[in-house]
Amino acid sequence: MADLSVRVCNLQLSHPVMTAAGPPVRNGAGGLACAAGGASALVTKTISIAAAEVPQPNMADFRAYFLNTELWSELSPEQWIETEYSKVRSAGVPVIVSLGYTAAEIAALAPRVLPFADALELSTHYIGEDVKPMQDAIRAAKDATGLPVLLKLSPFRDIQEAASAAQTAGADGIVAINSFGPTLAIDIENGGRLWMGGKGYGWLSGPALKPIAMRAVYAIARSVDIPVIAVGGVSRGVDVIEFLMAGATAVQVCTAAITKGLTVFGKIAQEVDAWLNNHGYRTIAETRGMALQRAAPVMDLPPVVNTEACTGCGLCVTSCVYHALNLHNKKIQLTPDLCAACGLCLSRCPTNALRMPG
C-alpha cells in the first residue's frame with residue numbers, strides 16, 4: 001500500500017481527493033455524506049452575502065460532459081453560520097470554506113466563518129481580466145482571518161498571470177479551474193427546448209473539462225511556487241495521477257460525485273493506491289510534477305510496432321487517414337513511407353502495441 005498522504009498549506013490530508021464547492025456539499029448533511037464517502041477534506045459550497053436565486057432546471061448530464069446553471073449557495077450565510085458549518089466540522093476532516101466574490105463581501109463574511117474553517121477558498125468566477133479585484137479579495141480574506149487562502153481561477157484569462165498575481169497578493173494556493181462557459185445544449189427530442197433554466201446557457205464541467213483544466217494546472221505549476229489543487233473532470237484514479245504529474249498537489253471532485261454517487265471519493269483514492277502499487281511507487285509524492293520535467297515530444301519517425309502485443313482490434317487502422325497501417329493475419333503492419341508521424345495511433349492502441357520511437 002502506497003503512502004497517499006499530502007499536505008496542502010497547513011492541512012494534512014490522508015489522500016489527495018477532496019470535494020469541490022458545489023451541490024454535493026450544499027449543506028451540512030451533504031458535507032457529512034461526502035466525508036462518509038471518503039473525501040479527505042470538505043470544500044463547502046460557496047456563500048456570498050445573500051442566498052443565490054438558482055434557476056431551475058439547473059443541471060444536465062450528457063455523459064461526455066455536464067452542464068449546470070448553478071450559482072453560489074441557495075442557503076443564506078446566516079443558515080450556514082448558525083447550522084450548516086458546525087455539521088460539516090463534525091465530519092472530522094479539514095474544512096475549507098468557500099467565499100465569494102468581492103473584497104468587501106469577503107471582508108464581511110470571513111470573520112464570521114473563521115470558527116468553522118481550516119482554510120478559505122475564494123471564487124473568482126465572476127471577476128474579469130483585471131487582477132486587482134482578485135488581489136483585493138485575497139488580502140481581505142488574509143487580513144480578516146489569518147487563515148490559508150486558496151484562490152480558485154476560471155479559465156477565461158491569462159491564467160499564469162492571474163496565478164502569479166494571486167501569489168503576489170498572498171494566496172497560499174491556487175485551485176484550477178472553475179467550470180467553462182457559457183455553453184448551450186438543446187433537447188432535440190422535445191421540440192428544441194433548452195436544457196438549462198435562466199438564460200438557457202450552462203457551464204461546462206465533467207470529463208470534457210479535464211483537458212482545459214490539465215493545461216491550466218500545468219501552466220500554473222510552472223509559474224508559481226505555491227500548491228496547485230486541480231479540479232475539472234476528475235472521476236478516476238488515473239485522472240488524479242495525470243493531474244499530479246502536471247504539478248498538482250491534490251484534486252477536487254464535484255461532477256463525478258453527482259453522476260456516480262458520493263462514494264466516488266473513496267473509490268478514486270483506492271484506484272490511485274492501486275495504480276501506484278502496480279507501477280512501483282511507494283508514495284504519491286514521487287509522481288508529482290513529473291511532466292514538468294519533460295520537454296514536448298518530437299516524433300520524426302514512424303511509431304515502433306510490437307506485433308506480440310497487438311490483438312488485432314483494428315482501432316489504429318480505422319483512424320489512420322494516411323493508410324499507413326493495416327492488419328495482416330490479425331496483426332498490425334506499418335508502411336513507413338506512408339506514415340506522417342501524427343501520433344494518433346499511439347493513443348488509439350489499447351495494448352501499447354504502437355509506441356513512440358526513440
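I looked at Trp195 and found Arg193 over the face of its ring, 4.6 Å from the ring centre (a charge sits over a ring if NZ of Lys or CZ of Arg is within 6 Å of the ring centre and within 35 degrees of the ring normal). The model is predicted, so I took local features only at pLDDT of at least 70 and side-chain atom pairs only at pLDDT 80 or more, while totals for chains, interfaces and linings use all residues. Residues are numbered from 1 along each chain as its sequence is written, and side-chain values use heavy atoms, with hydrogens and water left out.

I then counted aromatic pairs and got 8 (rings of Phe, Tyr and Trp, the last by its six-membered ring, with centres within 6.5 Å; planes under 30 degrees apart are stacked, over 60 edge-to-face, the rest tilted). Phe62 and Trp195 are edge-to-face, because their ring centres lie 5.4 Å apart and their planes stand at 85°. Phe62 is in the loop between strands E5 (59-61) and E6 (66-68), and Trp195 in the loop between strands E13 (193-194) and E14 (202-205), so the pair ties together parts 133 residues apart in sequence (strands are DSSP runs of at least two residues, helices of at least four, numbered from the N terminus).

Phe62 is partly exposed at 21% relative accessible area, and Trp195 is partly exposed at 25% (buried is under 20%, exposed over 50%, partly exposed in between, with a 1.4 Å probe and protein chains only). I noted that Phe62, Tyr65 and Trp195 form one aromatic cluster.
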